[in-house]
Every structure is written in C-alpha cells, then in structure tokens.
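Visitor: Please take me through the terms applied to this structure, and set each value against its definition.

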Amino acid sequence: MTPRDLLLARLAQAVPSAKALTHAQFALEHGLDAEARQILVSGIRNKGWTRSSLWSLLPSTMNEASDYWEIRALYMAAPKNAKSLPAALRAVARAACMANLHDEARLLLRRMCLNARPLPKIAEEGEGDFSKRAAVALADLRQSCVVFGTTPFLISGTLLGYVREGAIIGWDKDIDVGVFGTAESLGELGEKLAANSAFHVRRIDFVEKRLRVRHWNGVDVDIFLHYQEGDKVWHDGSVTRWWNSPFELKTVEFIGVEQSVPVDPERYLEENYGNWRVPDPHFDARYDTPNLEVTDTDYRDSLLYFSLADAIRKGNEIKKQRYKDMLLEIDSHKAWLARI
C-alpha cells in the first residue's frame, strides 16, 4: 500500500484531533500537502478547535496562495474562544501573508498583539542542553548533505557563536546554515531530507531559496541557498536578501562536531553584523544588517506585528517599544497601539 493509499484510507474516517498532528506530519513528509491540510481541518473541527499544534502546522500545507481560503474558512467557522487563540491568529495571519493578503493579515495581527500577554517565567533549557541537541542535528545534517553531494556551512548567528563564543549563542534557539547550488538542487535536498527519518521539512513561505527542517530531537535548522552573482554572493529570507563577498570553505570543529565555515569568517560576520564583536541581544537581522536588501516591503512590514507580539509574550520591553515605534510610522490605524 502506497503512502497516498494509506492516507486516503485514514481520511475515509473522521480524524480525531488527538491523532491529526501525527497523520498530517506523515502526509507532509510524503509530499501530500492538500491531504495534510484536510487532516488538520478535520482534526480541528473534531473537538480540536483549541489545539495550538494543529493550527500552527496549517501554513506548512500551503502550496499556492489560493490554499489560504480553506484556512480562512476554518477560522471563520471557529467558536469564539478559538478565534482568540494566539496559535490560530498567528497561523491564519501567516497564511494570509503567504497569500500576499497583507491588509487581511494585519487585521488578525492587531488582534494577536492586543491579546498577547507575557508568558509565565519558566526555567529555560540550559545552553549546554541545547548545544548537545544542536551538535547531533548538525552532525546528522552534514552527514546527510555530504551523501547528497553538497556541503552545509555555518552562517549568521550560528557562525557568530562559533567565532565569538566558541559555542551556541545563549539566546539562539535554532541553527543557520548555508549551501551553494540552485533552486532545483535545494528542492532535491529538501525531498531527500524529507525522506530521512532524522528530519521533518516544514514550509514557512513560498521562497524557494531556503528550507526549514526540524531534527527529530526538536532542533530547527534553516538552510539558506547561496548564489554566486558576479563578484558577490547572496542568500534570501522571506523578505530580505543579504550580500557577501565570495568565499571558499574550510573545515573546523564546533561544539564537538566537524563543520564547514567561510575561510575568512570574520569578514563574513563584519559584512553581516558590522561590529559583531559587541554582543547585542536586541539585534534584528531584518533591520540591522549592513548588507541588507529588502525584497518584499509589504511582507516585512507585516512581520513587524509578529515581532511586536513576540516581544510582548517574552516580556522584552526594549524590543516591544522599538516595534511599536516602527509600527507608528507605517500603520494607518495607530490608535490600537496606545492600548499595547
């Protein structure tokens, strides 16, 4: 029985919310995005309206902008308590952004920001614990990529941790790596990693120049495709592009595992961060990097609302005030910000 046949057999019955996440992830791992969305919708409707994990996975099932309308219809049918659920607001707003419906997204995002409350203080995972899991994820990723004929290399905050700290930066909770290649080769890498039981590939937008994968131990890895163009190298995020001088790679040891980095990592960091030697926990790569080019202004402006909600939930007053001030410059409905 093929994965599709197995999934269709499961879909013949109503999917209980407790099993919907596992079934949907199975579908996504086998490239069955529409089926995964159907499972999630069924699970949410079947007593799963307030299950945050189901809402959060919905944007990953989108293949094109029109897929948004099924997600929107689900939200519109939700009971009142589900409509104010942070995960539901975030998921539907993210889907609207992916569909380039930013006015609609911002209506939801304003509500999300107004509903946001500081999270209770809980004991955070120790840096050493995350480093151990990150080392396993990096080792598995490198081994897999080498088999597939490409070499991942440390970039951004992960490279900064290697050079400045000799460790993962304390506030960094994911891993950034780059690869050289083409959109086609990145797509092939994503397919191969999706078939690897160590990784789950998640879609975060329609940009075809990066991947987000989650290792089985919970570590998220963003893989950015690096292009050579004339005398520059560039890589994209959802809304921005970063330019660097061309570079070769060298092999180093980082958190106990073999990794690749640019031959001159300090030059790479200077181009990305400016004064990278001075720690700045409030640095925002979408606004503060000197080698930045904005590729989607509307989407970047929408991301400000997500950033404000995150700053509120994390109790970061400095970032909260910064994003409020930035939104005052672009939001035509300014009165709501006075309530934050």
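Guide: Contact means that heavy atoms lie within 4.5 Å of each other. Helices (H or I, at least four residues) and strands (E, at least two) are DSSP runs, numbered from the N terminus. The model is predicted, with local features requiring pLDDT of at least 70 and side-chain atom pairs pLDDT 80 or more, while totals for chains, interfaces and linings use all residues. Residue numbers start from 1 along each chain as its sequence is written, and side-chain values use heavy atoms, without hydrogens or water.

Visitor: Which residues of H5 meet which residues of H8?

Guide: From H5, Tyr 68, Trp 69, Arg 72 and Tyr 75 take part, and they meet Glu 104, Leu 108 and Arg 111 of H8. Sorted by class, this contact comprises four nonpolar, no polar and three charged residues. The classes are nonpolar (Ala, Val, Leu, Ile, Met, Phe, Trp, Tyr, Cys and Pro), charged (Asp, Glu, Lys and Arg) and polar (the others, Gly among them).

Visitor: How do the axes of H5 and H8 cross?

Guide: The axes of H5 (residues 68-76) and H8 come within 13 Å and cross at roughly 40 degrees. An axis is a line fitted to C-alpha atoms, for helices over the stretch in contact, and angles between N-to-C directions run from 0 to 180 degrees. H5 passes H8 in a left-handed crossing; that term applies if the near helix is turned anticlockwise from the far one by less than a right angle, and right-handed if clockwise.

Visitor: Why are H7 and H8 called roughly antiparallel?

Guide: The axes of H7 (residues 86-98) and H8 (residues 102-115) cross at roughly 160 degrees, coming within 8 Å. Angles over 145 degrees count as roughly antiparallel, under 35 as roughly parallel, 65 to 115 as roughly perpendicular and the rest as oblique. H7 and H8 are therefore roughly antiparallel. Their crossing is left-handed. H7 contributes Pro 86, Leu 89, Arg 90, Val 92, Ala 93, Ala 96 and Cys 97, whereas H8 contributes His 102, Ala 105, Leu 108, Leu 109, Arg 111, Met 112 and Asn 115. The contact of H7 with H8 has 10 nonpolar, two polar and two charged residues.

Visitor: What makes H5 roughly antiparallel to H7?

Guide: H5 and H7 pack at an angle of about 150 degrees, and their axes are 9 Å apart. This angle makes H5 roughly antiparallel to H7. The crossing of H5 and H7 is left-handed. In this contact, Tyr 68, Ile 71 and Tyr 75 of H5 touch Ala 88, Leu 89, Val 92, Ala 95 and Ala 96 of H7.

Visitor: Why does Cys 97 count as buried?

Guide: Buried means under 20% relative accessible area, exposed over 50%, and partly exposed in between (1.4 Å probe, protein chains only). Cys 97 has 3% relative accessibility, so it counts as buried. Cys 145, at 0%, is buried too.

Visitor: Is Asp 67 buried or exposed?

Guide: Asp 67 has a relative accessible area of 12% and is therefore buried. Asp 67 lies in the loop between H4 (52-57) and H5. Leaving aside neighbours within four places in sequence, its contacts are Arg 37, Thr 61 and Met 62.

Visitor: What is Ser 17 called, buried or exposed?

Guide: Ser 17, found in H2 (residues 17-29), has 12% relative accessibility and so counts as buried. Not counting residues up to four places away in sequence, Ser 17 touches Gly 43, Asn 46, Lys 47, Gly 48, Arg 51 and Leu 54.

Visitor: Why is Lys 47 called exposed?

Guide: The relative accessible area of Lys 47 is 76%, and Lys 47 is therefore exposed. Lys 47 lies in the loop between H3 (33-45) and H4. Its phi is near 70 degrees, a positive value in a residue other than glycine.

Visitor: What makes Ala 338 count as exposed?

Guide: Ala 338 has 71% relative accessibility and therefore counts as exposed. Ala 338 is found in the segment after H14 (317-330).
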